[in-house]
Number of protein chains: 2
Amino acid sequence: MEAVPQKTTIRDVARAAGVGVGTISRVLNSSSQVSRETRARVLKAIRRLGFRPNAQARRILRRRSETVCFLLSNRDFLHPFHARILQGVESYASGMKQHVLFAALHYSPRIPAEKIDLPHVLQEHGLIDGVILAGTIYPNVLRRIESIHMPYVALSNNVVGMEGKNQFDQVGFDDFSATFEVTRYLIGEGHKEIVFAADIYFPWFQRRFDGYRQAMRENKLKPVLVSARKAQSFVDFGQKVAQRILSRQPRPTAVVAGNDEIAYGLWLSLRRHAVKVPDEISLVGFDDREEAMLMDPPLSTIRVHKEEIGQTCMKMLLERLHNPNMAFSQRILPTEFVIRGTVRHL
Amino acid sequence: MEAVPQKTTIRDVARAAGVGVGTISRVLNSSSQVSRETRARVLKAIRRLGFRPNAQARRILRRRSETVCFLLSNRDFLHPFHARILQGVESYASGMKQHVLFAALHYSPRIPAEKIDLPHVLQEHGLIDGVILAGTIYPNVLRRIESIHMPYVALSNNVVGMEGKNQFDQVGFDDFSATFEVTRYLIGEGHKEIVFAADIYFPWFQRRFDGYRQAMRENKLKPVLVSARKAQSFVDFGQKVAQRILSRQPRPTAVVAGNDEIAYGLWLSLRRHAVKVPDEISLVGFDDREEAMLMDPPLSTIRVHKEEIGQTCMKMLLERLHNPNMAFSQRILPTEFVIRGTVRHL
DNA sequence: GATGACTGTGGAACTGGTTCCAAACCTAAT
DNA sequence: ATTAGGTTTGGAACCAGTTCCACAGTCATC
């Protein structure tokens, strides 16, 4: 029972149990070809010696590391959004006896693919079986990862500059439909002057804007995009944009914000101008981060099922590993409109 | 240059370069015993064959996986605080050519150590060299990890139920001094009726309370702890506790909150009671999470250098690995009082 | 010219598992 | 009793690296 400080090998166990090394291996991998008694004897010896098999040795033969890399690209810090995705990846992985390695990478979108200096774990061979790409993903890093023949799955919402190209596995959620639904809801609540607040330079905001615009047009309403320059952050963007919204004639009765942070900035600024939410202006966000629920009133927003996205990434990567030649697939997970306290019925 | 899909081994390279396998190994490990010309020839062959060494094979011999596990215990999700620490761990690790595996674990503090079902990565042998413990850490999990002879470093602030025991490596920050300094600062600003808001069941809040109390006593002021029962969350706790603070006679002029979330809840509630911060009540938090800066007015709080803590954890773990018999050490990193807009001079 | 010190190199032996083949063993049918 | 079919089992060969020992070559010294 007392664990001997390492170095018990399969051969020690074989000797102790009076069987061959092959038998130990068969017991460890529960490949049924072992008699009841022998198995029992081997298990007893394993326990007695405190034997723990060395996974490295197995991996050489299996040509699998049972490990995937969660690669966060071009982010200064592990944003709660990505942290939740990582968690989803880990939860699915652990159920499948797979491991998750965390790595970060910074690169310029303009650097040639072959010049990208990948993390050490990707430079060596055999350490990981595949990669899950999070953070902001530009085409060059995809090329780079393909150049080392490493299977990967990307978070499609964060891929920039590859619109419509589907030559890789991706998982994401439906930006367009989410804002489309939400805008229809606002219209259903009697709102007509609805503006959209975000910087559509980012493709995800563009898609969210498109959904909003579609709903507006279908109802013969004029879509309006409000934006600001030189914002320090999304919250700052929201604060800057508030001015423009309030000065519009007629004054908007509702705002669809590109994400929760913009909505928060907006809310701060509106409050400072003594404009009541939702009494005077209704507000919806996007993402449903923790803090949305804690605003006052709590923010109505679009929930993105981050854990589920992470799980699906992991699942898809495993499928790819088991079936390297299958066609590329893209999975779009639904979002959910969470009604809280920032939308008023007119 | 074109990468052959794997399976080039060191022997292929040896043949291609017309040298022995040992020489390839020597070139790879830059152990200087190779002549200029041979090294050049080998490097050329490596490049031509697109050879990437298999790290698994090396690891068997080295008896090192060059990987550590970041183990998050008993947390429902990867809280931003821990995400920052993970990031610090990763940044230091990548500089040292080490890898970081992310794993989560849930266990009861009351379950016997040997019954704790460790993540798969810890059950096998050779996958990781050591563990960094984050999340809430109870003594039984330390015993469990010791039982498999796995070196570890713990985030000391999150260890519960081992007060004063120092039989393991730990990194943390100084709860006591932080609130001590902050309380002295408030007193210096003319405050006398200062209360502390947190549930001191948690040892870290107890330590923060102790720092606060010490400063109060040194100035002949009466320390007051306000608390609430059955709070759903820290924010909720802050909201619940606001009532009690406002009903005190004389009314407190400043509150030291156990953390930023409590401070935020407090702030929400005060705002609803039309009590102005900092005009009527000053407020300081603890942690300096992202959102503190975004409150209105921005929250004065105690900054914890999370990345640095993560880096130090990783550094200490590597020291332990290189020197298994060194005495256990505990490193306490300083905090920093960040003055923003929620404290008023009386 | 012999001796010694040193550098550079080849390759066998090794790490700790898995895999596969052949042999041993056990039934049951001919 | 012999043969055929199946199940167990031992152990050599293997995976892809590292390590170490022996040997070759070079140069300086005696």
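How many helices and strands does the secondary structure of chain A come to? The secondary structure of chain A comes to twelve helices and twelve strands, where helices (H or I, at least four residues) and strands (E, at least two) are DSSP runs numbered from the N terminus. This is a predicted model, in which local features need pLDDT of at least 70 and side-chain atom pairs count only at pLDDT 80 or more, while totals for chains, interfaces and linings use all residues. Residues are numbered from 1 along each chain as its sequence is written, and chains are lettered from A and ligands numbered from 1 in the order in which they are written.

## Overall form of chain A

The radius of gyration of chain A is 26 Å, well over the 20 Å that the globule rule gives for 346 residues, so chain A is more spread out than a compact globule. The radius is taken over C-alpha atoms, and the globule rule is 2.2 Å times the number of residues to the power 0.38. Along the principal axes, the C-alpha atoms of chain A fill a box of roughly 90 × 45 × 35 Å. Of the 346 residues in chain A, 45% are buried. A residue is buried if 20 or more other C-beta atoms lie within 10 Å of its own, exposed if 12 or fewer, and partly exposed in between, with C-beta atoms placed from the backbone. Among contacts in chain A between residues at least 6 apart in sequence, 71% join residues at least 24 apart; two residues are in contact if their C-beta atoms, placed from the backbone, lie within 7 Å.

## Strand 3 and its partners in chain A

Strand 3 (residues 130-135) of chain A is mostly covered, with five of its six residues buried. Strand 3 of chain A pairs in the parallel sense with strand 1 (residues 67-73) of chain A over six bridges; two strands pair if DSSP finds at least two bridges between them. In that pairing, A:Gly130 of strand 3 is the bridge partner of A:Val68. Three bridges join strand 3 of chain A to strand 4 (residues 152-155) of chain A, and these two strands run parallel. Here A:Ala154 of strand 4 is the bridge partner of A:Leu133. With helix 7 (residues 139-147) of chain A, strand 3 and strand 4 of chain A make a right-handed β-α-β unit. A crossover is right-handed if, with the strands pointing away from the viewer, the path from the first strand over the helix to the second runs clockwise.

## The four-stranded sheets

In chain A, an open sheet of four strands has the order 7-6-8-9, with parallel pairing. Strand 7 (224-226) and strand 9 (282-284) of chain A stand at the edges, each with a single partner strand, so one side of each is left without a neighbour in the sheet. From one strand to the next, the twist averages 25 degrees. Axes are lines fitted to C-alpha atoms, for helices over the stretch in contact, and angles run from 0 to 180 degrees between N-to-C directions.

In chain B, an open sheet of four strands has the order 7-6-8-9, with parallel pairing. Helix 8 of chain B lies across strand 6 (194-197), strand 8 and strand 9 of chain B, at about 170 degrees to strand 8. In chain A, helix 8 (residues 175-188) lies across strand 6, strand 8 and strand 9, running at about 170 degrees to strand 8 of chain A.

| Strand pair | Bridges | A bridge pair |
|---|---|---|
| Strand 6 (residues 194-197) and strand 8 (residues 254-257) of chain A | four bridges | A:Ile194 and A:Ala254 |
| Strand 8 (residues 254-257) and strand 9 of chain B | three bridges | B:Ala254 and B:Ser282 |

## Two helices

Helix 8 (residues 175-188) of chain B has 14 residues and reaches 20 Å from its first C-alpha to its last, close to the 20 Å expected at 1.5 Å a residue. The expected span is 1.5 Å times one less than the number of residues. Buried residues in helix 8 of chain B include B:Phe180, B:Val182 and B:Leu186. Just after this helix, B:Gly190 takes a positive phi of about 100 degrees.

Helix 11 (residues 260-272) of chain A is mostly covered, ten of its 13 residues being buried. Among them are A:Tyr264, A:Leu266 and A:Trp267. The cover over the buried residues of helix 11 includes strand 6, helix 10 (234-246), strand 8, strand 9 and strand 10 (301-303) of chain A.

## Contact between the chains

The contact takes 44 residues from chain B and 44 residues from chain A. Helix 5 of chain B gives the most to the side of chain B that touches chain A, with seven residues.
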